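Please look through the sequence and the model shown here before reading on. The paragraphs below are meant to be read with both in view.

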Number of protein chains: 2
Amino acid sequence: MRDVAVIGVGMTKWGELWEKSLRDIYVETALLAMKDAGVDKLDSIYIGCMSSGLFVGQEHLASMLTDYLGQAPVPATRVESACVSGGLAVRLGYIEVASGMSDMVLVSGIEKMTDVSGNEATYALGTAADQEYEGYQGITFPGLYSLIARAHMHKYGTTREQLAMVAVKNHKNGSKNPLAQFPFEVTVDTVLNSVMVADPLRILDCSPITDGAAAAVICSLETAKKLNKPIIKIIGTGHATDSIQLAQRRDLTWLEATYLAGKQAYEMAGKKPEDMDFAEVHDCFTIAEICVTEALGFTEKGKGGKIVESGETAIGGRIPVNPSGGLKSKGHPVGATGVAQVVEIVKQLRGEAGERQVKDAKIGIAQNMGGSGGSTVCHIFERE
Amino acid sequence: MRDVAVIGVGMTKWGELWEKSLRDIYVETALLAMKDAGVDKLDSIYIGCMSSGLFVGQEHLASMLTDYLGQAPVPATRVESACVSGGLAVRLGYIEVASGMSDMVLVSGIEKMTDVSGNEATYALGTAADQEYEGYQGITFPGLYSLIARAHMHKYGTTREQLAMVAVKNHKNGSKNPLAQFPFEVTVDTVLNSVMVADPLRILDCSPITDGAAAAVICSLETAKKLNKPIIKIIGTGHATDSIQLAQRRDLTWLEATYLAGKQAYEMAGKKPEDMDFAEVHDCFTIAEICVTEALGFTEKGKGGKIVESGETAIGGRIPVNPSGGLKSKGHPVGATGVAQVVEIVKQLRGEAGERQVKDAKIGIAQNMGGSGGSTVCHIFERE
């Protein structure tokens, strides 16, 4: 298999984009990535999207968006695996380029979530859980993650304040990200006094409902060199599944699919957790980031709360986590999130991240997760 | 890229399977394919499904089904491109094996369509059309294909009877397929007197609403030889997109994406249309098969009606089309259809197709299509 590089990334301001349709948002974002890469011809397109059927009543998305992008008849594929749809689009694009089948591939993700009511959005997101064994009992995603949070607090003594500190850190980072949906800082007190969603998780522990897209152009390393672009290599990929039902897991606090996907990516890259200069991870809820930092090996089991409290995961700390602001502050258009992580990593590795730049960043890992952890995709990137 | 072979296929009886859930149908079918291949360990799984979100309120399908199949933590990916979702699952599996990334991959497709009302199913299927420019005007799929049919009749003199003959031929073939949803013969008269759906298309011109799944195990040619299995090679793959809006096409009667995907597959295989011993094609409506036979080069533009009338596409004819019974008689669980074509082709090439066997079949082509032709995937298979 050939070496693969990212040569262009694109993302627009995320939020409640009521004045733009799904196709508008997609085309604007994809064109930014293609402009950044300096290419106007593609061999193939992958689009991550969780539920355009339920959110906007549109399937057959890949062909529709490829046509609007002016790229038909290029082969285009939509992939879905709940909130890991974007990460999967990156992985499949990687495989297609690495295989030699295609040379220039657009990997992208999108979700338009605010054209439906809050209840409808909650239902649509709930389809990432096991509907027959979880959804029909009435549980929603904040409920599922609240069970994880309570288990973590019970087992490891993780505190309510430590959960809040994840939100405080990520909003601080996001306040320096002009594309973030909520680019403002919050305090521990604000989080602790925000409205309760599912005890112990409050509204400021939850990532928001967002409209947005993200895109990246990837190609063979050889082509990237010919094009004379700053080269960011994809040196590791990992993908693993787990039961999407919490009730089937051995340990509520342990994200086995994240552990395995991370392990695969580290092994392929020949790197260890301590070689990472920073990470973009799936903080759909504050507790999620805590569990992910443990599963990726940035700390021991049970100590995810402590490393956020100690400042180790802040920019300037031992292993900065979510310099972009994460899903928490940047927003979480579910199908786009995994690709937006790549956008941030490429900006960081190029030294283009402005006020939120991680100093001397050379290697970064992206961890994107579906549902309550039923699927995870990890990628490791290195600046050449 | 490595050579790839199909070593196992599985399919169960299709129909209105009210006593089985989506996960039951999937697991039963996948296990059949794995048993046929003689493998119980997989490296990766691809699942084609168009709209489990709208049909059964469940996304995150790949992880859920992989877990139920007992294969978690194996990487699993759901792909969607309307009715070409199954064909795409085959293509992505092919790329993953050909790349060397994985060796043993399950490619599969499923749709559970009868748990909702007819109106809801019509809405869900309508999301394969451009909702903003077609759906919101009230047009449904029979309506879109009726426009294609009228244009073909007007431009080429295709007759109402020729449309009916597609149904007659496919039901005749399907009557010999024990897994078909409607395994009975029909006459031209029955078709012409069946209830009108969208003039000129009547109910017997339309493929049905179906619950069903199909699966195949693919691996490297090298591994297939070691396992001492009958070897069916995938020698060509093609994938192309087009506008999903009929209004944007230059010619309503011409399926450009099918033409291009077919061309890619033929070129990769080093074969021509006349080298094909038979074809499984996407006859979602009778007019679709007529247009597809032209786009795949089995006849000249405009003569698709004539070759069904002359018997050239019957079993025993010059180029048998849809020996399985096609979508028309076998049924059309949309995400499963593209994989079921592979099941039929493998059975034919192994000489296991019973009463519907195409004599001395050595090479077959599968053409799977999304929406009104906005995406097409073609694969060519050869018996070694």
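Predicted model: local features only at pLDDT ≥ 70, side-chain atom pairs only at ≥ 80, totals over all residues.

Residues are numbered from 1 along each chain as its sequence is written, chains are lettered from A and ligands numbered from 1 in the order in which they are written, and side-chain values use heavy atoms, with hydrogens and water left out.

Two copies of a chain are related by a rotation about an axis and a shift along it. Here chain A is superposed on chain B by a rotation of 180 degrees with 0.0 Å of shift along the axis, at an RMSD of 0.0 Å, where the superposition is by least squares on the C-alpha atoms of residues with pLDDT of at least 70 in both copies. That is the relation of a two-fold axis. The contact (heavy atoms within 4.5 Å) takes 60 residues from chain A and 60 residues from chain B. Because 100% of the interface residues of chain A are also interface residues in chain B, the copies meet through the same surface. Buried area, which is the accessible area (1.4 Å probe) that two parts lose on being put together, summed over both, comes to about 4500 Å² between chain A and chain B, and carbon and sulfur atoms give 53% of it. In chain A, the residues that lose the most area to chain B are A:H60, A:M101 and A:T241, together 15% of what that side buries.

Within chain A, helix 7 covers residues 160–174; helices (H or I, at least four residues) and strands (E, at least two) are DSSP runs, numbered from the N terminus. The expected span of a helix is 1.5 Å times one less than its number of residues, so the 15 residues of helix 7 of chain A should span 21 Å, and the 22 Å between its end C-alpha atoms agrees with this. How much of this helix is buried (under 20% relative accessible area, against over 50% for exposed and in between for partly exposed, with a 1.4 Å probe and protein chains only)? In helix 7 of chain A, 11 of the 15 residues are buried, so the helix is largely enclosed by the rest of the structure. Among them are A:L163, A:V166, A:H171 and A:G174. The buried residues of helix 7 pack against several elements of chain A, including helix 6 (141–156), strand 6 (201–202) and helix 11 (286–295).

A pair of aromatic rings is described by the distance of the centres and the angle of the planes. Rings of Phe, Tyr and Trp (its six-membered ring) pair if their centres lie within 6.5 Å, and planes under 30 degrees apart count as stacked, over 60 as edge-to-face and the rest as tilted. Over all chains, a search of the whole structure finds 6 aromatic pairs. One of them is the tilted pair of B:F182 and B:F184, at 5.7 Å centre to centre with 50 degrees between the planes. B:F182 is partly exposed at a relative accessible area of 30%, and B:F184 is partly exposed at 40%.

A charge sits over a ring if NZ of Lys or CZ of Arg is within 6 Å of the ring centre and within 35 degrees of the ring normal. A:R23 lies over the face of A:Y68, 4.4 Å from the ring centre, and B:K301 lies over the face of B:W254, 4.6 Å from the ring centre.

B:A336, in helix 14 (residues 334–350) of chain B, is buried at 0% relative accessibility. Leaving aside residues up to four places away in sequence, B:A336 touches B:W14, B:G109, B:I110, B:G212, B:A213 and B:A214. B:K272, in the loop between helix 10 (256–269) and strand 9 (278–280) of chain B, is exposed at 52% relative accessibility.

Most residues other than glycine have a negative phi, and most peptide bonds are trans. The peptide bond from A:A72 to A:P73 is cis, with omega near 15 degrees, and A:P73 is found in the loop between helix 3 (61–68) and strand 3 (76–80) of chain A. A:D360 has a positive phi, near 55 degrees, and is exposed at 63% relative accessibility. B:A82 also has a positive phi, near 55 degrees, but is buried at 0% relative accessibility.
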